[in-house]
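Colleague: I've got this one open for the first time. Walk me through it, and start with whatever term you'll need.

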Amino acid sequence: MNETQRMLLGLLLVFIVTLVIGRYRTARWRPAEWRAIFAFDRLNKAIQRAIEQGRALHVTLGRGSLWTGAAMDSLASAEVLRPIAKHLSLTGQMPLVTTGDATLHLLAEDQVHRIRRSLATGLPQAKPDVRWLTATPTAYAAGVMGILARESVEVNVMTGFFGAEYLLMGEAGVQRVGVQLGGASEPAVLPFVVTTSRAALLGEELYTAGAYLAHKPWHLGSLWAQDILRWLIAVLVLVVVIINTLL
Amino acid sequence: MLGRLVSVSVAMGVGLLVLADYFVADVQLDALANRLIYIASIVAAFALFLGLANLTRFHLNRVRARSPERPYSLILLIALTASITLGFVSGGPTSQWMQYLFENVLSPMQAALYSLLAFFTVTATYRAFRVHNVESALFVIFAVVVLLGQTPVGALLWEELPTIKDWIFDVPVLAGTRGILLGVALGTLATGIRVLLGVDRPYVDETGRDTHGHLP
């Protein structure tokens, strides 16, 4: 095992221990104690707006395949989709979901169908509409732009793994929909997200949906663990800088 | 219940084995991990077939329903069938005909769509340049300095502008980007570990017993 592997293994073990401690520490946390993330407040209002107006809520989950490095972004975006689908299905509606990757399409379709089944309210329910658009970035962007142009979309939510095509879809959304919310972790895409969204999930905020929207204890615990590790890394950087400066 | 147990065990077992392969130098473990990754790639390829089926079904339904978008769906279905047929007849994606199709149909269309990015960047920048609070004012000041510093006219106006531009890139921008990357890395790690430990199970049906997944 080389030095990098030893360091990564150490980090992994520290994180797991901190996560387990965080899981039990955060059981008594109250939402008022968390840092407010404007995009999540805005999302709740946007869902209500789509329900009130009876127009579609479109969610696009990006094009991060579940078996590549972008899988975590896709899993995080699925955490954003779940509460949206839950909320809408209580009123008999379902979101219009699109993806730019086939494996992610299967995950999205599965999630939406399960939520529809589990929250059957007796009301007539809309059929889930989950579409795989295509596998190439430009064609994916063209597909989303077409949906925003032709279908009656009130709220457009775009979270997950994207490239430069985000700006094409984002600008189409700015011109066509009532409320647009975005989220990405790729630094090169963040300017596009900020300039085209009413509220944005930037960087690590994308991974907090499970904690903020569903209040899942393990997700809250991982937020605590992330904070602890961030402080540890910051202190470590400072210590190394001081040692290197003095020696 | 048994199905859920099997799914979780398989997912955790496979994930931990592949992770262990990164840390342990063992030939047999390496072979096993490579085999598992190979199987995952085959499963991912099947997902593409299912995606294709979804796409075809959606557009066939639209044609049958005589929706106003029927012509677009017809074009898509014809192009899809033609490309697949051509691929099979001509000898696969690397054949001369398929390469011709890519170079003369797909690539120009992609380039045309990407060319819109230049115009969209201008409109997005125009919106971003509206000053409505301290942060946006700072943003505009930094953006103007960088824009002038990037162009020859900036150096003519004030010779220090390119140096200031370089400092903005090397210090605040780099520091901010590293901060974002650090947060993203920790978020990715957290998501990965939750899946690996079986805490998050997107592959099993939990909606019926998800007591914590209450609505926000």
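Modeller: Two residues are in contact if their C-beta atoms, placed from the backbone, lie within 7 Å. The model is predicted, so local features need pLDDT of at least 70 and side-chain atom pairs pLDDT 80 or more, while totals for chains, interfaces and linings use all residues. Residues are numbered from 1 along each chain as its sequence is written, and chains are lettered from A and ligands numbered from 1 in the order in which they are written.

Colleague: At what angle do the two axes cross?

Modeller: Roughly 145 degrees, and the axes of helix 3 (residues 70-90) and helix 4 of chain B come within 8 Å. An axis is a line fitted to C-alpha atoms, for helices over the stretch in contact, and angles run from 0 to 180 degrees between N-to-C directions.

Colleague: And how many residues does each chain put into the A/B contact?

Modeller: Chain A puts in 55 residues and chain B 49. On the chain B side, the elements giving two or more residues are helix 2 (27-64), helix 4 (96-128) and helix 7 (161-196). Helix 7 of chain B provides the largest share of that side, 16 residues.

Colleague: I was looking at B:Leu174. Where does it sit, and is it buried or exposed?

Modeller: B:Leu174 is in helix 7 of chain B. It counts as exposed because there are 11 C-beta neighbours inside 10 Å. The cut-offs are 20 or more other C-beta atoms within 10 Å for buried, 12 or fewer for exposed, and partly exposed in between.

Colleague: How far is B:Leu174 from B:Leu186?

Modeller: They are 12 residues apart in sequence, and the C-alpha atoms are 18 Å apart in space.

Colleague: Switching to chain A. What's in it?

Modeller: Chain A has 9 helices and 6 strands. Its C-alpha atoms fill a box of roughly 65 × 40 × 30 Å along the principal axes. Of its 247 residues, 55% count as buried. Among its contacts with a separation of 6 or more, 68% are between residues 24 or more positions apart.

Colleague: What order do the strands take in the sheet?

Modeller: The sheet of chain A is open, with 6 strands in the order 3-2-1-4-5-6 and parallel pairing. Strands pair if DSSP finds at least two bridges between them. The edges are strand 3 (129-132) and strand 6 (199-202) of chain A, each pairing on one side only. From one strand to the next the twist averages 10 degrees.

Colleague: What packs on it?

Modeller: Helix 4 (residues 102-118) of chain A is one element that does, touching strand 1, strand 2 and strand 3 of chain A. The direction of that helix makes about 175 degrees with that of strand 3 of chain A.

Colleague: Back to strand 1 of chain A. Which strands is it bridged to?

Modeller: Strand 1 of chain A has 6 bridges to strand 4 (residues 153-161) of chain A, running parallel, and A:Leu57 stands opposite A:Val155 there. Another 3 bridges join strand 1 to strand 2 (residues 96-99) of chain A, also parallel, with A:Thr60 opposite A:Thr98. Strand 1 spans residues 56-62 of chain A, and 7 of its 7 residues are buried.

Colleague: And how many bridges between strand 5 and strand 6 of chain A?

Modeller: Strand 5 (residues 179-184) and strand 6 of chain A share 4 bridges, in the parallel sense. A:Gly182 stands opposite A:Ala200 in strand 6.

Colleague: Last topic, backbone. What is phi at A:His215 and at B:Arg66?

Modeller: Phi is near 55 degrees at A:His215 and near 50 degrees at B:Arg66. Most residues other than glycine have a negative phi.

Colleague: Where are those two in their chains?

Modeller: A:His215 lies in the loop between helix 8 (209-214) and helix 9 (217-246) of chain A. B:Arg66 lies in the loop between helix 2 and helix 3 of chain B.

Colleague: Why does A:His215 count as partly exposed, and what about B:Arg66?

Modeller: A:His215 has 18 C-beta neighbours inside 10 Å, so it counts as partly exposed. B:Arg66 has 7 other C-beta atoms within 10 Å, so it is exposed.
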